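Look at the sequence and the structure first, then try each task before you read its solution.

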Amino acid sequence: MPFTESYHEPLILAAEQRLPNFVSTRLDEYYTDRMEKLWGGEHLLHWSSPGPNAIYVSSNDYLCIAAEPELVKAQAACLMRGEADLLMSTVFMREGSAQYRLEKKLAGFMGAEDGLITQSGWSANVGLLQTIAGPGVPVYLDMQAHASLWEGVHAAQACSVPFLHNDVDHLRRQVLKHGAGVIVIDAVYSTNGSVAPLPEVLSIAEGSGSILVVDESHSLGTHGPGGAGLVMQMGLSERVHFRTASLAKGFGGRAGFITCSSKFKGYFLSTSRPAIFSSCMLRHELAWFEAALDFIRNADDRRVALHRNARRVRDGLSALGYNVSDGTEQIIALEAGTEPKTQVLRKALEAEGIFGAVFCAPATPKNRSLVRLTLNSGLTEVEIEQILQACAAIREKVQLADWSSSRRMAASVRRPR
C-alpha cells in the first residue's frame, strides 16, 4: 500500500500507547498538568501572529550582522567554489587546516594562546567541563550559570556546588568548605543581563588553587576592545584559565569556542566526547566566522549603539515602575513570576506589537518566569519609544504591582538600612 498520512497515523498512535508508564506519565504531566491546566491549552512559548510593524526583541544577533551583505557574500563565495568538505570528527584534523587557522585567529582576538571551535556553545561547555572535572571534583556554579555548564558537571560525574547569584561571600564560604575545584560563571548572564564580579571571583579561584571558567556567550562581540569580551576589557585574559562562548549570539553563526593552550587543545580533541563524536565545521561556516570576526573588530559604532539602547530602555522601564535592577546590559528581564502571569504579559506585549521571549522552568526557577527583551544595535529611537509606550500601556492589565519582582523591589525600599 502506498504511503499516506491516514495509513500511518494509527500506527504512530499505537506506538505511543505502548510507551511505558515512566514515559507516558511525564508526557501527561506536560500536556495535561502544565499545558492544558496551567497554560489554558495554549503554548506559553509560542508567539501569536505578528503584524507588519512588530518589533522583535527576542534575537541574540546583538550587532545585527546576520544579514550583513559582506558576510553573506563571503559565505556564498565559499559555497559557489564547490569544494567538497571532509565530513569527519575534528579529532582527525591537522594543524594548517582552515579550522585550525581560524581557531588561532579567534584565540589571538581574545588574547589567548590557542582555541577550539565546537559545534555549539552547549558542546563547548559540556566538553570542557567533562575534560577538566571528574568524579568527586567540586564544581562551583553560579545559580544562574547556563544549563550547559550544569550538564557539563553531570557529564564529568563531578560534584556540583551551587552558590547564590553573584554572591562572592557565599562562593568563598563554599570553596572553604569543599576545597579547590572548578569555579564556573557567565560574564553576562543570559536571563537578566547582570554582569559577574570577575575580579573578585578570580581572586577566590587563585587563592584556593581552583580553575576559573568564564562563559562569554553574551559579552563576546558586544563588550571589550574590538568586541573581545569582558575578560579582555578587564585585562584578565592571562589569568582566567578558560573562556567559552556560543558564536550564535554576537557572531551570528552556529558554533562554540573555547580559549585554551595548544597543549590542552590536543588533550581536549582526544578526550572530549562532544568533540570526538561530532563532525567538524564546514567550509562555508568557517568563512562566515572569519568574515564576522573582521567585521566585529571594527564595529565600535554598533557596540556604542547597543549599550546606548540598553541604557535608554532600562532607564525608561525603571521610570515606569518595572524592576529591572538585577541587570545592566542588553538583556532585560520582565519577571512576572508565575507562568500564568507571564502568559498574560506575553499576550499584552504582543497586542502592542512587542515580541520578546518567554523564559520559564527549567530556564528559570519555578515561579520566577519572565519575558526577556533582548536588545540590539539597530533599534531606532522610534522603536525604543514604542517599546516603552507599550510597557506603560499594559501596567494595569498585567498587574505589575503584584509581580514577584515588584514585591522584591518594594521590600528593598522598605528594608531599614
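The protein chain has an average pLDDT of 92, and 95% of the residues score at least 70; pLDDT is the predictor's confidence in each residue, from 0 to 100. This is a predicted model: local features need pLDDT of at least 70, side-chain atom pairs count only at pLDDT 80 or more, and totals for chains, interfaces and linings use all residues. Residues are numbered from 1 along each chain as its sequence is written, and side-chain values use heavy atoms, with hydrogens and water left out.

**Exercise 1. Confidence**

Find out over which residues pLDDT stays under 50.

*Solution.* Step one: go to residues 1–5, where pLDDT stays under 50. Step two: check their contacts (heavy atoms within 4.5 Å). For residues 1–5 the model has two contacts beyond four places in sequence. Step three: remember that where pLDDT is low, the predicted coordinates should not be read in detail.

**Exercise 2. The open sheet**

Work out the order of the strands in the open sheet of seven strands.

*Solution.* Before you start, note that helices (H or I, at least four residues) and strands (E, at least two) are DSSP runs, numbered from the N terminus. Two strands pair if DSSP finds at least two bridges between them.

Step one: trace the order β2-β8-β7-β6-β5-β3-β4, in which the pairing is mixed. Step two: look at the edge strands, β2 (114–118) and β4 (159–163), each of which pairs on one side only. Step three: the twist from one strand to the next averages 20°.

**Exercise 3. Helices and their neighbours**

Step two: two packed helices are described by the angle between their axes and the distance between the axes.

Step three: the crossing of α7 and α8 is right-handed. A crossing is left-handed if the near helix is turned anticlockwise from the far one by less than a right angle, and right-handed if clockwise.

Step four: find who meets whom. V168, L171, R172 and V175 of α7 meet E200, V201, I204 and S208 of α8.

**Exercise 4. Two covered strands**

Decide how β9 and β12 are placed, and which way their residues point.

*Solution.* Step one: learn the cut-offs. Buried means under 20% relative accessible area, exposed over 50%, and partly exposed in between (1.4 Å probe, protein chains only).

Step two: take β9 (residues 331–337), where seven of the seven residues are buried. I331, A333, E335 and G337 point one way, while I332, L334 and A336 point the other way. In a regular strand the side chains alternate between the two faces of the sheet.

Step three: β12 is largely enclosed by the rest of the structure, because six of its six residues are buried. In β12, S369, V371 and L373 point one way, and L370, R372 and T374 the other way.

Step four: join the strands. β9 and β12 (residues 369–374) run antiparallel and are joined by five bridges, with S369 of β12 as the bridge partner of G337. β11 (residues 357–359) also pairs with β12 in the antiparallel sense, over three bridges, and V358 is opposite V371.

**Exercise 5. Single residues**

Which residues does N125 contact, leaving aside neighbours within four places in sequence?

*Solution.* Step one: locate N125 in helix α5 (residues 121–132). Step two: N125 counts as buried, with 2% relative accessibility. Step three: list its contacts, which are S148, L149, G152, D215 and T244.

Note on methods:
Axes are lines fitted to C-alpha atoms, for helices over the stretch in contact, and angles run from 0 to 180 degrees between N-to-C directions.
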